[in-house]
Amino acid sequence: MVSRGDIPTGSIREGAVTVDVTDGTSDVDPSPDYLSASFIPLMIKLGIGADDEPPPSLRVTKRGASPLGGGSVDFYCPIVKELKPLELINFGKVKRVRGTAVSCRIPPSSAARVAHSAKGVMHRLLPDVWIHTDVHSSSGRKRKGGGSGGDVGGCGPSPGLSVLLTATTTEGICLSTECSMNHSERNNHSSQQLERRNMELPEDLGKRSAALMLHEIHAGGCVDNNCQSFALLMMCLTPEDVSIIRLGPLSQYTVVSLRLYKEALGVEFKLRVEGEGVGGDDDDDSDEDDRRNVCQKTVVCSCLGIGYRNMARAST
């Protein structure tokens, strides 16, 4: 949650931000892998890291699972004078899916079972699907050959299993979803041990993650559900020009964020619904291909930025 708060303000501070966060993530907060796959590409589209500076990055140095945590991440973000207006309207077609299955202190085969199950579902959509495994043994050390190279420091004391999927379209749109293993927890204070029952099978976790990814693709938005409020916030800070983005169905969190942006920044968004059943009766002469490309109702959000400028960047 600390990293998620640092990301929106990282580019408008007095100097480049380098943060080392040490803790665990809960099952509710987005993981560092998700932030790196979803938030960072959007920041690059906004012009962060374009002035001959290294692009923003979020790197996992040690894994940590709920509830005891113990992980750590390194976040770097350069500063910019001003953001670029955002225009994300065309979704395109999905061309590839990449993912990472992470396991900590559980049998090494669990991550491979998650990856195989998720690929079995995603291969019905397209053939270009590749899911890496990042495996850590019961001692907390990383197994050789069991990862994509992003983790260098083992994992924390809690066992965990999760998977992240990222779909990339022909228009450069990145949609990410993540899932972690469901389990019922009961804390025994006398023995200070955490009993876990009714553990979710790795195959079910893989299918659930693939189903969430297919749901995000079907929604037709240019950012995934968890990234909606962040994208709208950055649009508020752009120069006094029109920024526009296509979103899927708005989440309750996004609706509350729109009200807060209007109250705090004075930015009011124009919302236009497009898709099936919008605009009255269907025209028989309309282009059927365009109608097929719109999976369901999407929301086109546009606003005029407040023209925020980083004065610290201008004086250096």
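Residues are numbered from 1 along each chain as its sequence is written, and side-chain values use heavy atoms, with hydrogens and water left out. Because the model is predicted, local features need pLDDT of at least 70 and side-chain atom pairs count only at pLDDT 80 or more, while totals for chains, interfaces and linings use all residues.

**View 1. Four strands form an open sheet in the order E4-E11-E13-E12.** The pairing in this sheet is mixed; two strands count as paired if DSSP finds at least two bridges between them. Helices (H or I, at least four residues) and strands (E, at least two) are DSSP runs, numbered from the N terminus. Strand E4 (87-88) and strand E12 (270-274) are the edge strands, each with a single partner strand, so one side of each has no neighbour in the sheet. Five bridges join E12 to strand E13 (residues 298-304) in the antiparallel sense. Leu271 has Cys301 in E13 as its bridge partner. Helix H5 (residues 228-236) packs on the sheet and touches strand E11 (242-247) and E13, where contact means heavy atoms within 4.5 Å. The direction of H5 makes about 170° with that of E11; axes are lines fitted to C-alpha atoms, for helices over the stretch in contact, and angles run from 0 to 180 degrees between N-to-C directions.

**View 2. Strand E7 (residues 160-169) is largely enclosed by the rest of the structure, because nine of its ten residues are buried.** Buried means under 20% relative accessible area, exposed over 50%, and partly exposed in between (1.4 Å probe, protein chains only). E7 pairs with strand E5 (residues 94-104) in the antiparallel sense over ten bridges, and Cys104 stands opposite Gly160 in E7. Strand E8 (residues 174-180) also pairs with E7 in the antiparallel sense, over seven bridges. Here Thr168 stands opposite Cys174 in E8. E7 and E8 form a hairpin with four residues between them, and Gly172 in the turn has a positive phi of about 80°.

**View 3. Helix H3 (residues 109-122) packs against helix H4 (residues 202-219).** The angle between the two helices is about 40°, and their axes are 7 Å apart. H3 is therefore oblique to H4: angles under 35 degrees count as roughly parallel, over 145 as roughly antiparallel, 65 to 115 as roughly perpendicular and the rest as oblique. Residues of H3 in the contact include Arg113, Val114 and Met122, and those of H4 include Glu203, Lys207 and Met213.
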